[in-house]
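I opened this notebook to record what I looked up, beginning with the surface and going on to the aromatic rings.

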Amino acid sequence: MSHLPPAEIHDHVYGFARSPHVETCPECRRAAEAVEAERDALKDALAGDRAEAPYELVVKLTRIRKPRAAAPAPRAAVSIAGLAAAVAFLAGLSWLLFHKPSATVPAAPADSGNVPRKDEIDRLIGFLKDPNPLRREVAEAALQAYGGTAADRLEKAKSNPALVDACRGRAALAPVRVPSRIDVSPWAAAFESPLKEKHEEGSAVLRDLGFAAEPVLWGFLDSPDTGVRERAAGLLRRLYTPGLDTLSDPLELKLRSTRATFEFLDASLTDLIEFIAGTIGTSFGIDTRAIEKPEDRRINLSVKDLPVENTLRLALESHGLAFVAAGDLVLITKPGRALRTPRGPTWLEAATARKMELLVDALASPDEGRHAKAAGELAEMGEDALGPLLQAYRLLDPDAAARCSDVRRRIAAASGAWLVDEPFGADVRRLTTAQKDLLNRKISLTPSGKSLDETLRELNVPFERNAPCPWKMCFAARDLRLAWFLRAATRPYGLDFYFQGDTVVIDTAARVAEAFEK
Amino acid sequence: METLLETTDEELVRAGDKAALIRRYYGPVFGLARRLLGGADGARDAAQETFARAIAHLGDFQPGRSFRAWIFSIAANLIRDLHRRRHPAPLDPGIEETIPEFAPPDARMLREENRERLAAAVERLPLDLKTVVALHFQEDLPPAEIAEALGITPNAVRIRLYRALAALRKEFA
């Protein structure tokens with residue numbers, strides 16, 4: 001009996017050419033088994049643990065690129081007019097962020113949370129033929145934002161081939177729209193007001209309402225008032241700009257626009273914050289849970305006439321640190337520890353956007369049986385869900401808002417982070433005048449390394465602490481409102497605070513949430 | 001609700017679910033890059049660049065093709081370019097044409113205590129042979145898919161595989 005040559009034995013084992021002879025010939029069968037054993041040994045030798053895709057990579061590769069940042073502003077103080085505008089904006093935003101919607105708010109006439117995608121796109125395609133040039137222009141920008149998602153329907157509608165090509169060349173996206181129960185008419189009336197202060201307040205609120213304000217904004221494009229038409233078009237363009245996250249709060253603007261010269265030679269991190277705080281008149285804090293012994297971190301840096309924001313970034317990146325604007329102060333922490341919700345609309349891959357919409361709908365629904373699963377799946381979607389959940393918190397009834405807030409905290413907790421812009425604890429209660437006065441009290445601090453208890457005693461703040469806080473406080477503050485000191489001294493540490501009479505009570509965030517948000 | 005395990009690659013591509021595709025294939029691509037480049041740092045960069053290119057050209061992916069072969073194709077081309085920059089020596093032109101003389105498998109290769117030595121021997125293979133070995137034994141791709149991924153004929157896969165086996169057996173002889 002002839003046997004197979006080695007090459008054919010290998011062809012049989014590796015599947016290049018199966019040979020029935022191998023099964024019938026004991027010697028060839030043995031030769032094949034030896035090759036199979038070698039193959040198994042190689043598989044075993046080369047097997048290894050599977051690496052998981054880093055979360056940051058997934059976000060980086062699937063998030064849309066942000067628009068190119070504007071050139072840094074020239075060195076100048078913020079103008080009085082700018083301050084007034086900021087105050088108006090903050091007033092409207094504060095109302096929106098920290099006011100829990102009343103259960104008696106009437107339902108909005110149009111609920112934009114569940115419009116079928118093709119209907120949204122067909123409506124925009126219809127606007128391409130509108131006699132109003134502003135509506136045509138905004139519709140075209142909106143369709144480009146949808147990108148690949150809109151391409152097929154544009155082609156079917158025999159739209160401008162250049163627009164079809166432009167859409168096909170872009171990622172297939174869709175916005176995440178959340179259900180709305182809010183009546184926007186008071187803010188719409190303010191938006192149309194000829195008084196600058198009023199229409200700026202209306203603009204700020206409609207901007208933060210996101211797609212809930214979309215129907216009224218499209219309507220404003222037909223206003224006889226040019227200013228109203230232009231403002232509405234501006235807000236609509238903003239809605240249809242994926243990846244937009246450029247709205248900065250006043251502190252971020254200050255860091256970006258203030259230029260300074262610094263030379264740090266073997267300076268400690270605590271020296272750095274004290275020096276910069278004194279130079280530019282901004283308060284700083286260090287998250288000592290994330291950064292042990294900040295006094296031992298050394299900084300060597302020499303910069304000339306650079307925006308303070310850049311200086312901070314340069315000084316901190318070499319230590320793997322970052323900073324975040326937390327209200328009235330800049331908090332130094334580790335990347336990913338303090339999450340800030342992106343300030344623009346959330347645009348995601350079309351299927352993911354739809355999935356998120358359905359989950360937020362389920363979380364908002366009166367059917368309790370749907371809440372737990374929806375909450376779990378939204379938590380798994382991670383930071384992408386923060387924006388829509390914050391939107392939903394603003395727009396829904398108190399019970400649904402509390403569920404949204406809870407999921408946001410779960411998302412932050414899953415990565416060991418806290419949310420800079422999450423209203424909870426004392427923020428969600430009606431405060432007495434005395435309590436508000438206490439929170440608005442201005443304080444000054446140096447990086448003393450004292451405990452929270454020692455610091456509060458020195459500040460003459462009546463308090464009671466019901467949860468451990470072993471971390472030392474490290475703040476360089478001047479005229480810092482006590483409210484922001486308390487937030488920065490509790491929330492990064494899994495704590496929170498509320499008032500009992502005139503006493504500040506500090507407890508774990510979970511216990512505070514449980515006691516005060518039901 | 002569907003889980004990732006139930007959704008095919010083609011369904012994910014059609015839905016534009018890039019995050020799911022990255023999560024599904026990061027491990028295999030990183031594993032291949034680490035094997036071929038010999039280190040985790042270079043492998044991370046190569047994996048990131050592979051997915052960046054894949055996402056940029058996802059619109060070019062033809063339905064009906066193997067997405068797995070496609071992503072490995074991008075990775076293998078990238079790694080080959082990186083390797084050429086570091087080692088500009090030309091490939092042996094005879095490498096595609098003939099299968100080697102076969103010695104039988106060495107029993108020492110099969111012993112568990114020699115696993116590390118075997119892995120180290122794979123590391124020393126020329127890149128083109130190592131790529132086929134990694135795709136087949138580490139990533140479990142069948143020869144037809146390896147051919148698709150590398151843009152070569154199935155016979156070329158066969159020859160490279162057998163030359164690799166011959167070289168590894170020689171190390172243990």
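I call a residue buried under 20% relative accessible area, exposed over 50% and partly exposed in between, with a 1.4 Å probe and protein chains only. The model is predicted, so I note that local features need pLDDT of at least 70 and side-chain atom pairs pLDDT 80 or more, while totals for chains, interfaces and linings use all residues. Residues are numbered from 1 along each chain as its sequence is written, chains are lettered from A in the order in which they are written, and side-chain values use heavy atoms without hydrogens or water.

Surface. I looked up A:E368 and found it exposed, because its relative accessible area is 67%. A:E368 sits in the loop between α17 (350-364) and α18 (371-381) of chain A, where helices are DSSP runs of H or I with at least four residues and strands are runs of E with at least two. I then checked A:D183, which counts as partly exposed at 29% relative accessibility and lies in the loop between β1 (173-175) and α10 (185-192) of chain A.

Rings. I counted 20 aromatic pairs over all chains, a pair being rings of Phe, Tyr or Trp (its six-membered ring) with centres within 6.5 Å, stacked with planes under 30 degrees apart, edge-to-face over 60 and tilted for the rest. The rings of B:Y26 and B:F30 are stacked, because their centres are 5.8 Å apart and their planes at 15°. I noted that B:Y26 and B:F30 are both buried, and that they lie four residues apart in helix α2 (residues 18-37) of chain B, about one turn of the helix.
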